[in-house]
Amino acid sequence: MRIIGLDYGTKTVGVAVSDENHIIAQPLLTIERKHPAKLRQTYAQIESIIDEYEVGRIVLGYPKNMNNTEGERAEATKEFKNNLERRTGLEVVLEDERLTTMEADRILSATGVVQSERKEHIDKMAAAIILQCYLDRNSDR
């Protein structure tokens, strides 16, 4: 079973997937929403990814404030988590995502992706960073 990582935002959801041994996270895709409040198609796409990659767990980026408090985005993320668990029947683990978007931008810059093209990659890269942090912390190595 693989694990997917999600970077849930107001307009997009970045998606990453682990290998079967839970060692490496790889960016997969970015799900874009036309209407931030409408999530039915987003859930359907995530369910399709779960089936295709035989996913057994979901790691969801948790947007805490830098002072470790929780704001509006954290509350929206918890609601998204609860809906994912109800719809998929899978465990959804929250993973601190502070600074992951900045790290994703730094990685994309370092690998030569020009500024104008980073937007299409940033969310799935952030999802991979979130997932990789989870995998590294929970490895048996």
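This is a predicted model: local features need pLDDT of at least 70, side-chain atom pairs count only at pLDDT 80 or more; totals for chains, interfaces and linings use all residues.

Q: Thanks. What is the order of the strands in the sheet?
A: The open sheet has five strands in the order 3-2-1-4-5, with mixed pairing. Helices (H or I, at least four residues) and strands (E, at least two) are DSSP runs, numbered from the N terminus. Two strands pair if DSSP finds at least two bridges between them.

Q: And which strands stand at the edges?
A: Strand 3 and strand 5 do, each with a single partner strand, so one side of each has no neighbour in the sheet. On average, neighbouring strands of this sheet are turned by 25 degrees against each other, direction ignored.

Q: How do strand 2 and strand 3 run, parallel or antiparallel?
A: Strand 2 (residues 12-18) and strand 3 (residues 25-32) run antiparallel and are joined by seven bridges. Ala-16 has Pro-27 in strand 3 as its bridge partner. The hairpin of these two strands has six residues between them, and His-22 there takes a positive phi near 60 degrees.

Q: What about strand 4 and strand 5?
A: Strand 4 and strand 5 pair in the parallel sense, over six bridges. Ile-58 stands opposite Val-92 in strand 5.

Q: Which strands does helix 1 touch?
A: Helix 1 packs on the sheet and touches strand 1, strand 2, strand 3 and strand 4; its direction makes about 150 degrees with that of strand 3. Contact means heavy atoms within 4.5 Å. Axes are lines fitted to C-alpha atoms, for helices over the stretch in contact, and angles run from 0 to 180 degrees between N-to-C directions.

Q: Which residues of helix 1 are buried?
A: They are Thr-42, Tyr-43, Ile-46, Ile-49 and Ile-50. Seen down the axis of helix 1, these buried residues fall within an arc of 120 degrees, so they line one face of the helix. The arc is that of the directions from the helix axis to the C-beta atoms. Buried means under 20% relative accessible area, exposed over 50%, and partly exposed in between (1.4 Å probe, protein chains only).

Q: And what is on the face turned away?
A: That face of helix 1 carries the exposed residues Arg-40, Gln-41, Asp-51 and Glu-52. Just after helix 1, Glu-54 takes a positive phi of about 50 degrees.

Q: Next, helix 2. What span is expected for it?
A: At 1.5 Å a residue, 24 Å is expected for the 17 residues of helix 2, and the reach from its first C-alpha to its last is close to that, at 24 Å. The expected span of a helix is 1.5 Å times one less than its number of residues.

Q: Where does helix 2 lie?
A: Helix 2 lies across strand 1, strand 4 and strand 5, and runs at about 170 degrees to strand 4. Its buried residues are Ala-74, Thr-77, Phe-80, Lys-81, Asn-83 and Leu-84. Helix 2 is followed by Gly-89, whose phi is positive, near 75 degrees.

Q: What does Thr-77 touch?
A: Not counting residues up to four places away in sequence, Thr-77 touches Tyr-8, Leu-60, Gly-61, Tyr-62, Pro-63 and Leu-94. Thr-77 has a relative accessible area of 0%.

Q: Which residues touch the most other members in the largest nonpolar core?
A: Of its 19 residues, these are Ile-4, Leu-6, Ile-46, Ile-50, Ile-58, Phe-80 and Leu-84. Helix 1 gives the most to this core, with four residues. A nonpolar core is a set of buried Ala, Val, Leu, Ile, Met, Phe, Trp, Tyr and Cys residues joined through side-chain atoms within 4.5 Å.

Q: Last topic: is Ala-127 buried or exposed?
A: Ala-127 is buried, with a relative accessible area of 0%. The place of this residue is in helix 4 (residues 115-137). The C-alpha atoms of Ala-127 and Gly-14 are separated by 5.4 Å, although the two are 113 residues apart along the chain.

Note on methods: Residues are numbered from 1 along each chain as its sequence is written. Side-chain values use heavy atoms; hydrogens and water are left out.
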